[in-house]
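Please examine the sequence and the structure shown here.

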Amino acid sequence: MVGYVYEDGLHNNDRALSCFSKRKVEESNKAVEIYLTETELQALADMELTGLKDQVRDIFLVGCYTCQRVSDYNNIQPEDFTTTAKGTPIIRLVQQKTRNEVKIPIMNPNLKAICEKYSYRLPSVVDQILNRYIKEILKDLSESVPTLAVKVPTKLTMKQKEREKSGELTVERNDKGEVMMPRYDCVTAHTARRSGITNMYLSHKYVPLPQIYHRPDDARQRT
């Protein structure tokens, strides 16, 4: 109930959300899964932001450059930063979902800059806040990066369906009856992991394909 009330805008206690289970999203209600290109990510990194939006952008980019799930990239601790025997800076963490230990080299200059910006004490942002603000940020960015405003077919969530039924929301549909929304409206916390893995695949220079496609849920990239 606390979660439902928050989504309806009747309270703004972000910390309360972390104490309760998240509402399960049915497959039929999931929005389209997209990824952001290297060009779009660089434009996002170069964007002038302040306050909470600045932190949301930075944490989202950490997810893009580490290819981790939001439960991992949103909770990186100072003690997770270390170096290899050869002196390569890495992030060492145990994934919450799989309990696997992973070592992520800090090779991307934007990732290095973000880590140094916070003195390796990265902020943590509640998932719901991250999902809300990253859409707003990318909407603003779409004025200079038009690819973010390109409309793609997607699906309405249960809440959006209720708002449409009550007349509170008007959506655009194509000739097939599919809901059409700008790409920036389809971005979520998981888009960071999908973007990182997809761009890694497209580069053909980091790891063998079997390693990228180790998990089926990460292999279904939309290009």
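Strands S1 and S2 form a hairpin in which five residues lie between the two strands. In the turn of this hairpin, Gly-87 has a positive phi of about 90°. The model discussed here is predicted. S1 and S2 run antiparallel and are joined by three bridges. One of the facing pairs involves Thr-83, whose bridge partner in S2 is Pro-89.

A further hairpin is built from S2 and S3, with six residues between the strands. Here Arg-99 takes the positive phi, at a value near 65°. Strand S2, which covers residues 89-94, pairs with S3 in the antiparallel sense over five bridges. Within this pairing, Arg-92 stands opposite Lys-103 in S3, and Ile-90 has Pro-105 in S3 as its bridge partner.

S5 and strand S6 (residues 179-182) run antiparallel and are joined by two bridges. In this pairing, Glu-172 stands opposite Met-180 in S6.

How do the axes of H4 and helix H9 cross? Helix H4 comprises residues 51-66 and helix H9 residues 189-203; their axes come within 6 Å and cross at roughly 35°. The crossing in which H4 passes H9 is right-handed. On the H4 side, the contact is made by Phe-60, Gly-63 and Cys-64. On the H9 side, Ala-189, Thr-191, Ala-192, Arg-193, Ser-195 and Gly-196 take part. The residues of this contact of H4 with H9 divide into four nonpolar, four polar and one charged.

H4 also packs against helix H7, which comprises residues 127-141. The axes of H4 and H7 are 9 Å apart, and the packing angle is about 95°. Because of this angle, H4 counts as roughly perpendicular to H7. H4 contributes Leu-52, Lys-53, Val-56, Arg-57, Ile-59 and Phe-60 to the meeting of the two helices. These residues meet Ile-129, Leu-130, Tyr-133, Ile-134, Glu-136, Ile-137 and Asp-140 in H7. For the contact of H4 with H7, the division is nine nonpolar, no polar and four charged residues.

The secondary structure of the protein chain comes to eleven helices and six strands. Of its 223 residues, 39% count as buried. Among the contacts in the protein chain with a separation of 6 or more, 65% are accounted for by residues 24 or more positions apart.

Key. Residues numbered from 1 in each chain as written. Predicted model: local features only at pLDDT ≥ 70, side-chain atom pairs only at ≥ 80, totals over all residues. Heavy atoms only, no water. Axes fitted to C-alpha atoms, helices over the stretch in contact; angles between N-to-C directions. Helix = DSSP H or I, 4+ residues; strand = E, 2+ residues; numbered from the N terminus. Left-handed = near helix turned anticlockwise from the far one by under 90°. Contact = heavy atoms within 4.5 Å. Nonpolar A, V, L, I, M, F, W, Y, C, P; charged D, E, K, R; others polar. Parallel < 35°, antiparallel > 145°, perpendicular 65-115°, else oblique. Pairing = 2+ DSSP bridges. Buried < 20%, exposed > 50% of the residue type's maximum accessible area, 1.4 Å probe, protein only.
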